[in-house]
Amino acid sequence: EAGFKSSLLDRRLRVNATVFHYDYKDLQVAQLIGTSNILANTTAKVDGVELEVLARPVQGWIIGGDAAFINPRYGSFPNAVANLDVTGVTDLSGRILAKAAKRTAHLFTSYELPLGGEKSITFRTDWNYSSRVNLREEFANLDSFVFSDPLVSREALRDAIIQNAYWLGDASVSFALNKKFKITGFVRNLTDKHYRTTAFLNKDGALAALMGLSYAPPRTYGASLDFAF
């Protein structure tokens with residue numbers, strides 16, 4: 001890993017950048033086959049670059065963001081078990097890692113308004129982006145599979161296993177009574193985005209192919225109290 005950090009314009013602008021290469025040995029990949037949980041050891045490589053920018057245009061106002069571009073892929077993984085109603089194994093060598101987004105970004109802005117003394121109110125919003133991800137390793141070779149069960153739909157599996165790119169937004173307002181006490185009201189997932197976090201696929205003996213999906217929380221409202229000792 002290598003990079004640089006900089007502070008410009010009398011510390012009102014910060015720019016950081018990093019490039020990296022990760023080489024994993026004996027990476028454990030968990031696969032649910034029928035009713036059995038199987039761990040497979042493989043290798044993986046991740047190349048990427050990250051960029052971070054933070055600006056303070058005026059007193060109390062902060063604008064920032066960061067972005068990452070990565071190439072996550074399995075190394076040698078010729079004997080991955082396929083849990084999609086196919087016989088034998090599938091070769092995932094060089095295929096993209098499951099749940100790994102090639103592009104991610106985070107943008108935010110906040111403004112702190114002094115109210116006199118130690119009191120202040122801060123407005124903030126954050127937005128996060130994720131490019132498309134596949135939720136299961138098997139998707140990498142899905143087009144090459146021949147299904148023995150006519151009830152198994154390649155199109156339905158593809159729709160379930162892939163989570164398309166999406167943005168998520170949060171917003172909050174914080175009131176600080178002093179340096180120790182703060183109350184915050186927040187809204188998470190502002191646009192009420194429905195997106196999947198996991199996919200469960202099961203084909204066991206005479207059972208029909210089962211598909212289960214887990215979704216992230218919908219739009220959520222809340223409040224928090226912070227007290228520093």
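Predicted model: local features only at pLDDT ≥ 70, side-chain atom pairs only at ≥ 80, totals over all residues.

Residues are numbered from 1 along each chain as its sequence is written, and side-chain values use heavy atoms, with hydrogens and water left out.

**The largest pocket**

- The largest pocket has a volume of about 260 Å³. A pocket here is an open set of points on a 1 Å grid over the protein atoms alone, where a 1.4 Å probe fits, with protein on both sides within 12 Å along at least five of seven lines. The volume is the space filled by probe spheres set on those points, which are joined across faces, edges and corners.
- Its lining (residues with an atom within 4 Å of a point) is made up of R56, V58, Q59, G60, W61, I62, S110, Y111, E112, P114, T122 and R124.
- Two or more of the lining residues come from each of β4 (61-74), β7 (103-116) and β8 (119-130). Strands like these are DSSP runs of E, at least two residues long, numbered from the N terminus.
- The largest share of the lining, 4 residues, belongs to β7.
- By type, the lining splits into 5 nonpolar, 4 polar and 3 charged residues. Ala, Val, Leu, Ile, Met, Phe, Trp, Tyr, Cys and Pro count as nonpolar, Asp, Glu, Lys and Arg as charged, and the others, Gly among them, as polar.

**Salt bridges**

- The count comes to 5 salt bridges, each one a side-chain nitrogen of Lys or Arg within 4 Å of a carboxyl oxygen of Asp or Glu.
- One of them pairs R14 with E52, with the closest N and O atoms 3.2 Å apart. R14 sits in strand β2 (residues 13-33) and E52 in strand β3 (residues 36-55), so this pair ties together parts that are 38 residues apart in sequence.
- R14 is partly exposed at 36% relative accessible area, and E52 is partly exposed at 32%. For these labels, buried means under 20%, exposed over 50%, and partly exposed in between, using a 1.4 Å probe and protein chains only.
- D23 has two partners: K25, at 3.9 Å from N to O, and K45, at 3.1 Å from N to O. D23 is in strand β2 and K45 in strand β3, so that pair links parts 22 residues apart in sequence.
- Through shared partners, D23, K25 and K45 join into one network.
- K25 is exposed, with 59% relative accessible area, while D23 is partly exposed at 39% and K45 partly exposed at 30%.

**A nonpolar surface patch**

- V58, W61, I63, Y111, L113, L115, F123 and V173 form a nonpolar patch on the surface, with about 650 Å² of accessible area together. Patch members have over 30% relative accessible area and no salt bridge, and nonpolar side chains (Val, Leu, Ile, Met, Phe, Trp, Tyr) are joined within 5 Å. The areas come from the Shrake-Rupley method with a 1.4 Å probe.
- Both β4 and β7 give two or more residues to the patch, and β7 has the largest share, 3 residues.
- V173 belongs to strand β11 (residues 166-176) and is partly exposed at 36%.

**One pair to look for**

- F200 is in strand β13 (residues 196-202) and is partly exposed at 35%.
- F200 and G212 are 12 residues apart in sequence and 4.7 Å apart in space, C-alpha to C-alpha.

How values were computed: Patch = residues over 30% accessible without salt bridge, like charges linked within 9 Å, V, L, I, M, F, W, Y side chains within 5 Å.
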